[in-house]
Amino acid sequence: MTSALAFDLALAALVLAIATLTIAAREAMSAVISFIAYGLLLSLAWVRLRAPDVALTEAAIGAGVTGLLLLGAAATIGDRQAGAAPPLALMLAAGLACALVASGLAATTLVLLPEPAPTLAPPAMASLATTGLGNPVTAVLFVYRALDTLLEKVVLVLALLGVWSLAPDRVWGGVARLGPDAPPRAMLVFLAQLLPPVGMVIAIYMFWTGADHPGGAFQGGAILAAMWLIVLTARLADMPATSHPGLRLLVLAGPMLFAAIGFAGWALADAFLAYPEGYAKPLIILAEAGLTLSIAATLACLVAGPATRTPPP
Amino acid sequence: MSTAIALVTVVAVSAGSIFFLAGTIGLIRFPDAPCRLHALTKADNLGLGLIVLGLLPQVGTLAEALKLVCIWLLVLFSGAIVTQLIAATSRHK
Amino acid sequence: MTIFAACAALLMGLGLFGLITNPQPLRKIVAFNILGSGVFLLFGIVARRGAAAGVGADPVPQALVITGIVVAFAATAMAVALLLRLFADRGDTRLDHESAAGTEPARDDCRPP
Amino acid sequence: MTDAASQSVLPVLGIMLPATGMLLMLLVGGRYVEWLALILLPAGLAVAAAIFAAVWREGHTLIYVVGGWQPPLGIALRADGLSAAMMLVTAVIICATGLFAGPQFSQPRGRPERRAPLVFWTLLLAIWAALNAVVVGADLFNLYVALELLTFAAVPLVALTGGTETIEAALRYLLFALLGSVSYLIGTVLLFAAYGTLDIALLSARVRPEPISWIAASLMTIGLIAKTALFPLHLWLPPAHAGAPAPGSAVLSALVVKGSFFLIVRLWFDAMPGLLNLAAAQLLAGLGAAAILLGSILALRQSRLKLLIAYSTVAQVGYLFLIFPLAGAASEPASSIAWTGGWLQLFSHAFAKAAMFMAAGLIAEALGHDRIAELGGIARRLPISTLAFALAGLSLMGVPPSGGFVAKWLLLLASVMQGQWWWAAVILLGGVLAGAYVLIVVGKALAPAGAAAAPTAPVSRRREVVALTVALGAVLLGLVPLQPSELLQIGRLDVHALAAR
Amino acid sequence: MVDFLNAAAGMLLITTMVGLCRMLRAPTDTDRMMTAQLAGSGGVGILALLAVAGEAPPVLDVALLLALLAAFASVAFVSGASTSTSPSDRP
């Protein structure tokens, strides 16, 4: 057990060190790069906390897609007009306050939490058989607390609408710009041809395995989004215009399918977001399939940002 | 038999770890970026290969073994291309 | 677990510090993400404490974290889009301009948290 | 919660009707968006009215267990008397805003889709879905998602006009809101860690007054206060609410900030009923009192009409927090009086503030600016809008006959009955200050036009009438009987059980 | 065996840690772009060791994802850095 403990200690120290580097970095670009390394390492911590589902999500969304988003912003903005740093006294006061908050939270979690810890694992596992699923996390996301997941999908669509709405009026419905204007390097193009097929296989595997093993729509969707973004960066394909009906359908199909399944449950299984007996697993996989595609499209569009060019005729 | 397998694992994983260590020492000691790039990718890919080799006898199913090999191949190929890419970018600058 | 609990608390403190003291909004957004990941880690610790019924962790908080990560990403995307638009319009990203639309400066200047 | 409850799918419809409607709007785009709004607004109003009628008739809470999974594993939705009233007010204001915004946000025929109409209508429905989810939510994490939905709908609305200042205001709003969400989330996880559930009804039975509950409650309250813009976390509000287009400002000021306030009350009165002690209640109300005075004084000093109204929101939100010491104390009937007064303040402010922003929007549209000093002569040109502004002002001041009068009177009565006279003083002073800033504007509007008065643009009569109708709503709320409302008590924990804690 | 694999994972972690801190404080863009490579290959090695050392087989999936995303992040770095106006090459 001690070797595991030592490992955890080293991991926590590393995560904290990278986080400190991220906060203290002088340039925005350095901060973003260390943030990506931080996200990749944090997934190790999630593995140690017996949360492989979260590890996958953190790596794919926390580090991957968020990382690309922040990199793009840092490359555009740089460090110009950053404004003056607050005076030293204020920094010290803020540091003291934050240290207090951190130690208070540490004390709370270390001392005040009850033993034995309350848990919902037994009821979650007991009902797992009726859902036909093997992965309890998927069961929570798509059966027990499906309303959260459905509303969260609406949040994602809403965020995309919010991002799109920042396009100036004259380019509304136009095309978002991604990556540099310069033609991509041959090597990049080669990688963009090689990696996406592999990534797509992994994404489909993630989505498919999610019913019974860690993985699922979020992780699969995030990988697909990452692959699409590589293809876009290498100019192998163009971003569709934000007014493109197909793109809007792709973004909305998953949430609407999920809502439709929810209403079907109301009609056929006595409750909104309930599944008819015996059909739970196929219906969930159907919903997840739609959501995987929609999540992929939404995440990629969120990274690409609002339209910057007028729509093609 | 099982001791022999265990020995293979221990030796391969240890060797792999040493390659990683060597890569990191290279990172710290080498003077310029291209050298460091060399040190990093060569050593890490070889190290990872040895670790995967050492772990293969320990996994339970063929599928897991295949997955391990796939992971290594993925790192190897993408690493090679990315290294080229980084080198090209830094030369260009 | 104790180690990760301390780690989570420190991450939250670090993130909060960055959010308060960094003048550059992009750095604030990065700090917000670190703060958020500390909170999510806390969920992970709570889940791990709830190990029972043959699973290594309570699946409910883990599922909540997955929802939370997606929401945090959406928030980051929206903040970055606002920031880039501000930069494109004005050429800087300071948030300490005189507040509000119009020519009249309001008396209180609205600094971010 | 009380034992009596009936299963009803109406709360789900309250959330899903606008939510799926919003998704559909985005899908079809173009001119269909307005047609969809034309169908969805009355339908949503009908759902809200049905919930109100059902709760009123049956006299107990409506419950829906989503997917048939009982809490703590699953999520339940509960519509008590308060939720029903909130939903009805929300529906009425949203529909009125829709009527008001109709001409402003319509797609031109046979032209490519324009940005503002599509974004406005979808955001309006998203705000509606989020508010309904907030008021019927009974699970703390589900409420977190609902709050995020609300934030993500409100922020783009602030930035809708696309001006640089509004983008900056939206970004600042988003940063405040995100900090608030994180703080709320920490509290949520601590409560789950301590009591093993996120369901409000189960928590109310399990929460004990111990340090972890205190820490969780404080963190969640701080987070929600940031989103409600209570002093001292109010800095984001004025530029954000003043920068949005008029219908947006109306919804933001009238409804959106109330969503997070509603959750603070849910938290302290429903989820942790044993926890609200004198010190916490006095602290919250103290911040509220500071908001009343500071917000009103700052409103007096504004030179732009929309900013004045926005600062007035900061002040009027302060009144709501008086509910904590006045309704939290276990002294009947004073606490029931304060409870009714507090909520009536919320409802009448919703009507009054929506009307004010609509009127101010019309005035700004006619003049091309909203500088208070140059409002001269506007009363003659836009008499209906000026009247709407003045009537709404009556309610803010607390002058009879108006909903604001009844609300403030009930709060005043409760504070005197409980011997907490200092709140009475704040209420009165706030009324005087509100009178001052409303009269400044009305006085300027009634003054003759200056020599350099610019020509005014024509303004739609229909929109003026909508603003006036909403203002009349605030006045009509003054007709409710001056006594504790029974509807608002439906589904509440027995107040006398609170006394026994 | 479990302890040995854990120890190997720990050693890999420490080498990765040292390397990462070195990289992130390095002056040139090239060095910084290598960080994702380093975190990727190191992380994959650690996860493979942990997966076999007694965690669950799904951990291998995490390793697979990490390998994929390290490459993705490197691409992002390269294309991001070529538009970047880092202080050193600004006039």
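Analyst: Start with exposure: buried means under 20% relative accessible area, exposed means over 50%, and partly exposed lies in between (1.4 Å probe, protein chains only). This is a predicted model, where local features need pLDDT of at least 70, side-chain atom pairs count only at pLDDT 80 or more, and totals for chains, interfaces and linings use all residues. Residues are numbered from 1 along each chain as its sequence is written, chains are lettered from A and ligands numbered from 1 in written order, and side-chain values use heavy atoms, without hydrogens or water.

First, the overall build. Chain A has twelve helices and two strands. Helices here are DSSP runs of H or I with at least four residues, strands are runs of E with at least two, and both are numbered from the N terminus. Read from the N terminus, the order is α-α-α-α-α-α-α-α-β-α-α-α-α-β. The C-alpha trace of chain A spans about 65 × 60 × 35 Å along its principal axes. Chain A has 313 residues, and 63% of them count as buried. Contact means heavy atoms within 4.5 Å. Among contacts in chain A with a separation of 6 or more, 76% join residues 24 or more positions apart.

Next, the backbone. Most residues other than glycine have a negative phi, and most peptide bonds are trans.

P116(A) sits in the loop between α4 (88-112) and α5 (121-126) of chain A.

Now the positive phi values. R235(A) lies in the loop that runs between α10 (217-233) and α11 (245-268) of chain A. R235(A) counts as partly exposed because its relative accessibility is 35%. L273(A) has phi near 65°, again positive in a residue other than glycine. L273(A) belongs to the loop between α11 and α12 (280-304) of chain A. Its relative accessibility is 1%, so L273(A) counts as buried.

Then the contact with chain B. Ten residues of chain A meet nine residues of chain B. The size of an interface is often given as the accessible area lost when the parts come together. Here the buried area, that is, the accessible area (1.4 Å probe) that two parts lose on being put together, summed over both, is about 810 Å². Carbon and sulfur atoms give 82% of that area. Which three residues of chain B supply more than any other three? They are L74(B), I81(B) and L85(B), with 56% of the area that chain B buries against chain A.

The side of chain B that touches chain A has four nonpolar residues, four polar and one charged. In that count, Ala, Val, Leu, Ile, Met, Phe, Trp, Tyr, Cys and Pro are nonpolar, Asp, Glu, Lys and Arg are charged, and the others, Gly among them, are polar.

The structure holds zero disulfides over all chains, a disulfide being a pair of cysteine sulfur atoms within 2.5 Å.
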